[in-house]
Amino acid sequence: MQIRVDGKIIEVAKDKTLLISLKNLGYKIPSICYQEGLKPEGRCRLCVVEIAGKLVTTCNTYPKEGMEITTNNDRVKVARKVNSELLMSEHVQTCSIENQDHELCQIIQDLGIRESRFNPKRKWKVDLGASVIRDNNKCINCGRCVQVCATIQATYAIDFAGRGHKERVAPYSDHELNDVACIKCGQCIAACPVGAISEREHIHEVIEVLKDSKKHVVVQTAPSIRAALGEEFSMPAGTLVTGKMVAALRKCGFDKIFDTNLGADLTIMEEASEFLNRVKKGGPFPMITTCCPAWIKYMEHFYHDLLPNMSSCKSPHEMLGILANTYYAKKINKPRDDIIVVSIMPCTAKKFEITRPELTSDVDFVLTTREVAKLIRHFCIDFKNLNDEKFDPALGISTGAGAIFGASGGVMEAALRTAYELGTGKELTKVEFDQLRGPKGIKEGTVNVNGIDIKFAAANGLANARELLKNKDKYHFIEIMACPGGCIAGGGQPLPVNEEIIAKRMEAIYEEDRLLPLRKSHENPIVKKIYKDYLDHPLSKKAEMILHTYYTPRSEF
Amino acid sequence: MQILKESSMMAFNKTVEKGPKWVIDTLKNKGLTGRGGAGFPTGTKWEMVFNEKETEKYVVCNADEGEPGTFKDRMIIEKNPKTLIEGIMIACHVITAKKAFIYLRGEYECLKENLQKTIDEVNTSDIEIQIFQGAGAYVCGDETAILRSIEGYRGHPSLKPPFPTVQGLFEKPTIINNVETLTNVPLALMMDDWDPKLKLFSLSGKVKHPGVYELKEGTPLSKLIKLGDGEPKAIHFGCFGGCLAYEQFKDIPLTPEEVLKADCFLGSCAVIVTDKKTSIIDVATNIAKFYEFESCGKCTPCREGTMRVLAILENIAMGQANSADIDTLLELAIVIRDTSFCGLGQTATNHVINAIKYFREEFEERLCKSE
Ligand code: SF4
Ligand code: SF4
Ligand code: SF4
């Protein structure tokens with residue numbers, strides 16, 4: 001379809017909004033409240049252009065034959081300027097306009113605004129959650145967090161309350177986030193254009209323990225960190241920085257650098273065995289994975305009937321955490337109290353997870369990818385120019401199966417690789433399960449193990465999970481990850497994220513798997529050694545005791 | 001008054017007898033238009049809903065008379081509820097809706113009991129008519145906000161399209177009309193001499209005889225003022241319709257088109273009189289307070305802007321502003337009008353823009369003297 005933009009005739013798609021088409025064509029149209037893939041809400045009113053004498057928001061307007069658009073006359077400019085000044089007045093002015101992380105601040109710079117004519121007026125109480133912090137003093141009521149929590153996560157933990165200039169984002173009945181059914185996934189953090197929501201930081205606590213010479217501080221890094229951390233140091237998305245990451249952590253002063261991928265391999269050993277056990281016993285099916293603490297909390301709030309379906313496996317970093325405190329502590333002859341475990345995770349939900357009483361403080365601190373980048377900067381380390389180093393071998397050798405945990409579908413793929421071989425005694429010739437890869441929200445497939453067609457599925461994003469669970473009885477084995485795309489797009493990962501960046505991170509993770517000599521968890525020599533020296537065999541009494549856990553039903557509100 | 005005539009179910013019975021097409025054609029021929037402000041032909045609106053394939057449909061009567069200075073719907077509900085209910089029943093019959101809602105303004109609690117009694121008395125059909133009480137938000141005068149409110153969500157306006165005629169209440173095709181329109185339906189159907197031009201005007205403010213007047217559309221403003229006996233400096237058409245200088249426009253005919261020429265909106269025909277002793281800045285501040293309170297908070301210009309407009313006006317009123325503040329005020333008011341999401345914001349500053357246009361000297365006199 002042809003329309004006229006600033007006098008020039010251009011070709012646009014009929015079914016795309018003007019905002020999308022014009023942005024794709026390189027027109028600079030500011031917008032804040034619209035987010036890729038979600039329904040435009042038309043809140044911020046920055047994306048206006050003039051059409052037929054009227055100012056019109058482009059985010060919710062579709063082209064019409066013969067439409068004439070002016071994108072940048074004085075009237076449009078004044079409107080954008082005034083509206084961004086108003087937004088600025090909401091976003092406390094202690095935020096330096098130079099803050100390039102904030103989309104709003106970027107827009108304000110682009111519009112050439114130096115200060116707002118309107119002074120901040122309100123003062124809100126900061127909601128200091130255990131893993132997610134909301135500061136309404138910075139919030140510009142764009143609604144992106146609310147939309148994500150409802151549409152992507154089907155959790156509805158936050159909404160708007162109050163009206164007019166008293167309107168604010170708030171959990172149910174102005175409670176704190178800690179006291180409502182929020183699953184701590186942190187997707188609202190990733191959605192916020194002004195940093196009004198953020199993770200509860202634990203950097204300073206970690207710096208303190210690093211100073212304490214009595215403590216033996218070990219750190220472990222999740223599978224998805226190495227595929228994203230580079231972005232924090234202006235490297236292109238999808239750069240694998242495993243070696244530099246290990247080197248940087250060593251420079252920060254951690255005593256041992258371990259790999260959560262090994263924890264993932266262990267999880268697979270236990271989970272695959274648990275699954276084969278259920279196949280033998282005939283259920284309960286589907287068995288559902290439990291690596292994602294946000295999903296676990298979601299189940300505890302909204303899906304009590306699934307309690308028997310959940311795998312009893314702890315998440316990989318918790319498995320590695322308890323092994324560091326027991327198996328490893330014994331090996332190096334240290335009392336458990338002197339071992340401090342820090343997990344570098346893509347995830348805010350894991351900050352909540354480590355406070356669960358049943359997990360007995362095996363992990364002391366969780367830092368997100370963003371926090372660890374800050375930590376590295378705190379120690380003035382020139383990340384980009386570090387030479388690659390290797391994980392400490394004691395708990396630092398892993399397989400490709402552990403590596404792909406970071407992408408949605410990866411846990412299932414890794415589990416199937418092992419379940420197939422342990423179940424059939426035959427070798428799996430093609431280890432890739434293509435049905436489980438790619439950006440889709442729900443993926444499924446079938447594999448034959450000993451004459452039984454095992455139906456499996458993976459969902460990412462809890463709204464998708466809800467969809468999948470409607471037909472849960474069709475499946476034997478289900479993987480659920482809360483974040484869209486899996487942990488590579490976790491709530492603690494570098495910002496901004498978009499579909500393109502997620503795809504690149506995903507590629508990097510599968511690339512790592514492809515390049516590793518060992519690609520199945522049960523081939524991991526350290527895993528074998530741990531079972532031989534310490535745990536006996538998967539699901540042994542000892543393994544049940546330290547690698548498995550239980551869940552507690554919670555209220556829906 | 002024409003509006004107080006009764007049809008005593010004759011129109012409804014005839015509707016049952018003659019069918020929906022007859023009603024739609026008659027309403028079109030007689031020229032009934034919506035009295036909520038937009039003036040859309042009622043017959044055409046009903047026909048659109050009639051033509052929708054969906055089996056589940058609804059009728060909503062907008063009795064959320066929230067516009068300051070408007071009280072004509074209240075008078076109808078008090079004095080002629082039977083004809084109103086009959087109008088609702090006819091609408092239901094035309095589109096085969098089984099259920100209708102009367103969205104009654106939260107502050108009209110006192111009318112509820114009597115209205116319910118009338119429903120029980122008049123409605124012998126199997127149509128269910130339910131009174132739904134608003135919680136007192138002005139924005140719920142927006143039809144999409146009413147629908148969201150009945151559905152149990154926050155009374156926020158939603159984007160159109162989809163229009164209520166296609167996807168209204170519970171996403172089903174819906175007729176939504178206001179009280180005056182629906183009351184006129186039976187009258188237009190039954191009375192041979194029914195006059196589409198007769199409209200209700202709510203007159204208030206500094207006049208000796210405030211009240212509801214039924215006048216022909218196009219009557220000069222001065223005639224209404226004479227009936228009410230007042231000496232205006234300025235006229236406000238409700239809060240949203242903006243203001244004009246009386247001397248300059250006293251002969252203006254009261255039609256939407258003519259009033260628009262003075263940059264005002266006739267809307268629901270509320271006329272509020274400000275006399276010569278009252279400062280236009282104080283009136284503006286008062287109205288600004290109303291909007292600051294009523295803004296729903298959804299979009300930037302209205303949520304933040306209405307608060308800033310009030311702050312600047314208060315500053316001017318206290319003699320603490322300088323001339324740059326008047327410029328900021330005007331610029332802000334125009335952006336709020338041009339870029340707000342819904343009708344509330346788009347009209348929230350008409351009164352300020354016009355006040356500066358017609359009474360700029362008054363503003364300048366109040367500026368900080370030390371400048
Ligand atoms: S952390 Fe997740 S569940 Fe909690 S408010 Fe944010 S998006 Fe919603
Ligand atoms: S917290 Fe952030 S994402 Fe949520 S409404 Fe406020 S500014 Fe928008
Ligand atoms: S998907 Fe990964 S990052 Fe997201 S909440 Fe679950 S474990 Fe955390």
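1. In this predicted model, about 2600 Å² is buried between chain B and chain A, and carbon and sulfur atoms account for 52% of that area. The contact involves 29 residues of chain B and 33 residues of chain A.

2. The number of salt bridges between the two chains is 4. Arg303(B) and Glu90(A) form a salt bridge, with 2.9 Å between the closest N and O atoms.

3. On the side of chain B that touches chain A, at least two residues come from each of α12 (280–294), α13 (300–317) and α14 (323–339). The greatest contribution is that of α13(B), at 8 residues. By residue class, this side of chain B comprises 11 nonpolar, 9 polar and 9 charged residues.

4. Buried residues of α14(B) include Ile326(B), Leu329(B), Leu332(B), Ala333(B) and Ile336(B). Also buried in this helix are Thr328(B), Val335(B), Asp338(B) and Thr339(B). In general, an α-helix has 3.6 residues a turn, so residues three or four places apart point the same way.

5. The cover over the buried residues of α14(B) draws on both chains. From chain A it includes β3 (48–51), β4 (54–57) and α2 (74–90), and from chain B α13, α15 (343–347) and α16 (350–365).

Conventions
Residues numbered from 1 in each chain as written. Chains lettered and ligands numbered in written order. Predicted model: local features only at pLDDT ≥ 70, side-chain atom pairs only at ≥ 80, totals over all residues. Heavy atoms only, no water. Contact = heavy atoms within 4.5 Å. Buried area = accessible area lost by both parts, 1.4 Å probe. Salt bridge = Lys/Arg side-chain N within 4 Å of Asp/Glu carboxyl O. Helix = DSSP H or I, 4+ residues; strand = E, 2+ residues; numbered from the N terminus. Nonpolar A, V, L, I, M, F, W, Y, C, P; charged D, E, K, R; others polar. Buried < 20%, exposed > 50% of the residue type's maximum accessible area, 1.4 Å probe, protein only.
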